[in-house]
Amino acid sequence: MSLNNELVTKAVNSLIAHTKKKEENEESTNLFANTVEPMHLIVTVKKVSHKMRIKPYRIPLRNCLYDESSSVCLIIKNHDEEHVEKLKNLGFPVIKEIVSMHDLKSKYNGFETKRQLMNAHDLFLTDDRVINGLPKALGGKFYLAKKIPAPVNLRAKNLRNEIGKALKCTYYKAARGSCNSVRVGTTDMAPAMLIENTMGTLDNLVKHIPKGWDNIQSVGIKTGTSLTLPIYNALPNASTVISNAAADDDEAMEDVEGETEGAEKKEKKEKKEKASKKSKKSPLSRTKAKNIVKAHAKKRAEATA
């Protein structure tokens, strides 16, 4: 199963045109407006999985989302000066800040400081040894804003390669509901790059959804200010259509049989009521007849006398 490339191309071009129009409108009122928006792949599933996973899935991208203008924060276990220097010398200018778990609990322990940290960076990477403690240390705002830290193995022999792979990926964490969102690019990327990322991301994302394509209801793409443009919708299975039609026929037959049975009961009831009325009237009629006969006999006797 795969997406219709022509439909994906139309949807991507429409979103870029929408962003450009929005940019023109905002420039006339706000010279400092930032109109670059993230683009997300929206996948709706038929049946929600109840297995929750803290660690997000890593999905490789054909075109990297982050360049030197982006900002990445790396969360480490302990603030070891030697280790921090080693990480800084790896040659990733995109990593603008390195914080430890101790820093999160002391320097960023307030609501406002956590919000500032969240808004300051495009991506958060974290030592995979501390990922289970991050929900409490960061707070729910990070997870609601989809700024979920991505785990990396900081004990790897080739540390540069490990972090490089992490920066060339997007991340997927199953939502509690049926609608899932994965970042595939930004609106300042070339349309061809966005199309490649969308197609490639979905191919890899399906592997992490229980029952794969059979469990996907719809797929769309959107920006933060646009509607979701659909690029795939699942049709009902033939067996489902047949079973539904059979169920409708059974219900119709039950209705007809019920109506027939009801009519027969009503007819029997009416006949019974008529018979009952006749049986009540019959004795009264015979009594009247006897009284009339007696009255006539009495008159004749009096006339004879």
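**View 1. Residue classes lining the largest pocket of this predicted model.** The lining counts 20 nonpolar, eight polar and 10 charged residues. In total, 38 residues line this pocket. His40, Asp122, Lys146, Lys147 and Arg183 lie nearest its centre.

**View 2. Elements around the largest pocket.** Two or more lining residues come from each of β1 (38-45), β5 (123-127), α6 (140-144), β7 (169-172) and β8 (179-186). β8 gives the largest share, four residues.

**View 3. The second largest pocket.** Its volume is about 290 Å³. The lining has 20 residues, and those nearest the centre are Ser49, Lys51, Tyr172, Ala174 and Pro210. By class, 10 are nonpolar, five polar and five charged.

**View 4. The open four-stranded sheet.** The strand order is β8-β1-β9-β10, and pairing is antiparallel. β8 and β10 (229-233) are the edge strands; each has a single partner, so one side of each lacks a neighbour in the sheet. On average, neighbouring strands are turned by 20° against each other, direction ignored.

**View 5. Pairing of β1 with β9.** Seven bridges join β1 and β9 (residues 216-223) in the antiparallel sense. His40 has Lys222 in β9 as its bridge partner. His40 is also among the residues nearest the centre of the largest pocket.

**View 6. Helix α8 on the sheet.** α8 (residues 191-205) packs on the sheet and touches β1, β8, β9 and β10. The direction of α8 makes about 145° with that of β8.

Methods:
Residues numbered from 1 in each chain as written. Predicted model: local features only at pLDDT ≥ 70, side-chain atom pairs only at ≥ 80, totals over all residues. Heavy atoms only, no water. 1 Å grid on protein atoms, 1.4 Å probe; cavity = no way out; pocket = protein on both sides within 12 Å on 5 of 7 lines; lining within 4 Å. Nonpolar A, V, L, I, M, F, W, Y, C, P; charged D, E, K, R; others polar. Points joined across faces, edges and corners; volume = space filled by probe spheres on them. Pairing = 2+ DSSP bridges. Axes fitted to C-alpha atoms, helices over the stretch in contact; angles between N-to-C directions. Contact = heavy atoms within 4.5 Å.
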